[in-house]
Amino acid sequence: MGEPLNNYRAVTSAVRLLTDASLFGLRASSVTVSTVGVVPRMRSFAADLPGVSLALSLHAPTQHKREAIMPAARAYPLPRLMGALEAHMAAARPHTPTSRVAMVEYIMLRDVNDAAEDADALAALLSPHAHKLMVNLIPYNPTDATPEYRRATEANTSRFMATLRGAGVLTMVRRTMGDDIAGACGQLVRQQERFFASRRRAGEEGDASGK
């Protein structure tokens, strides 16, 4: 689907349909929109979709490391990104007095962003806003598209979570399902890509042979 906040008009229209009581009737609090961090749209999100949660795919506590993991991060430096997140949290309407209004997503990559110093840096970055956000640590699902990455160990993930919780940041580890059949997040699309690529090759070979 690409980056939701780069397709802003369509995404906001879809969310409004989903949360319309006369149509699908989903509660706004049950809908979350994830972004790599499109700063101008993040700043208008709370006003345009009140009550809908925003999830920021952060994945690293520093600009340099974030760019290495996700090149799209070059568009907005980390201070601007955090400024937009803070503006969103200030404008967002919590569902209850203790509700978090934003989620930070952090994929756990072995020997890339899972070290103790990464956990300390992330805790320092997020702890001032601990009452308004939560962190979702995401086990990496291996694919042949990124063979250089491996899933962080459970021990490292647990230590990482303990560091964030020790700093007062509500932190959870996402439950991974479907990786045993290559159907987990990030894996299924690779299966589809290979399937359609093989179909195209078969079609080209058929055309070349006159069939």
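Predicted model: local features only at pLDDT ≥ 70, side-chain atom pairs only at ≥ 80, totals over all residues.
Local features need pLDDT of at least 70 and side-chain atom pairs count only at pLDDT 80 or more, while totals for chains, interfaces and linings use all residues. Residues are numbered from 1 along each chain as its sequence is written, and side-chain values use heavy atoms, with hydrogens and water left out.

**Overall fold**

- The chain holds 7 helices and 5 strands, where helices (H or I, at least four residues) and strands (E, at least two) are DSSP runs numbered from the N terminus.
- Along the sequence these elements follow the pattern α-β-α-β-α-α-β-α-β-α-β-α.
- Of the 211 residues in the chain, 40% are buried; buried means under 20% relative accessible area, exposed over 50%, and partly exposed in between, with a 1.4 Å probe and protein chains only.
- Among contacts (heavy atoms within 4.5 Å) between residues at least 6 apart in sequence, 65% join residues at least 24 apart.

- Strand β3 (102–108) has 7 of 7 residues buried, so it is largely enclosed by the rest of the structure.
- In a regular strand the side chains alternate between the two faces of the sheet.
- From β3, Ala 102, Val 104, Tyr 106 and Met 108 point one way, Met 103, Glu 105 and Ile 107 point the other way, and all are buried.
- Strand β2 (residues 53–57) runs parallel to β3 and is joined to it by 4 bridges; two strands pair if DSSP finds at least two bridges between them.
- In that pairing, Leu 54 has Ala 102 of β3 as its bridge partner.
- Strand β4 (residues 133–139) also pairs with β3 in the parallel sense, over 7 bridges.
- Val 135 in β4 is the bridge partner of Val 104, and Pro 139 in β4 is that of Met 108.

**Cavity**

- A cavity is a set of points, on a 1 Å grid over the protein atoms alone, where a 1.4 Å probe fits but cannot get out; a pocket is an open set with protein on both sides within 12 Å along at least five of seven lines, and lining residues have an atom within 4 Å of a point.
- Grid points are joined across faces, edges and corners, and a volume is the space filled by probe spheres set on the points.
- The count is 1 cavity of 30 Å³ or more, and the largest cavity has a volume of about 60 Å³.
- Its lining residues are Ala 46, Leu 49, Pro 50, Gly 51, Val 52, Ser 53, Ala 92, Arg 93, His 95, Arg 100 and Val 101.
- By class, this lining has 6 nonpolar, 3 polar and 2 charged residues; Ala, Val, Leu, Ile, Met, Phe, Trp, Tyr, Cys and Pro count as nonpolar, Asp, Glu, Lys and Arg as charged, and the others, Gly among them, as polar.

**Second largest pocket**

- The second largest pocket has a volume of about 160 Å³.
- Met 108, Pro 139, Arg 151, Ala 152, Thr 153, Glu 154, Thr 157, Ser 158, Met 161 and Val 173 line this pocket.
- Helix α6 (residues 154–166) gives the largest share of the lining, 4 residues.
- The lining divides into 5 nonpolar, 3 polar and 2 charged residues.

**Ser 99**

- Ser 99 lies in the loop between α4 (78–91) and β3, and it counts as buried because its relative accessibility is 17%.
- The side chains of Ser 99 and Thr 96 are joined by a polar contact of 2.7 Å; such a contact is a pair of N or O atoms within 3.5 Å, where within protein one must be able to donate a hydrogen and the other to accept it, and residues adjacent in sequence count only if both atoms are side-chain atoms.
- Leaving aside neighbours within four places in sequence, Ser 99 is in contact with Pro 94 and His 131.

- Most residues other than glycine have a negative phi.
- His 59, in the loop between β2 and α3 (63–69), has a positive phi of about 70°.
- His 59 is buried, with a relative accessible area of 13%.
- Asp 111, in the loop between β3 and α5 (116–126), has a positive phi of about 60°.
- Asp 111 is exposed, with a relative accessible area of 62%.
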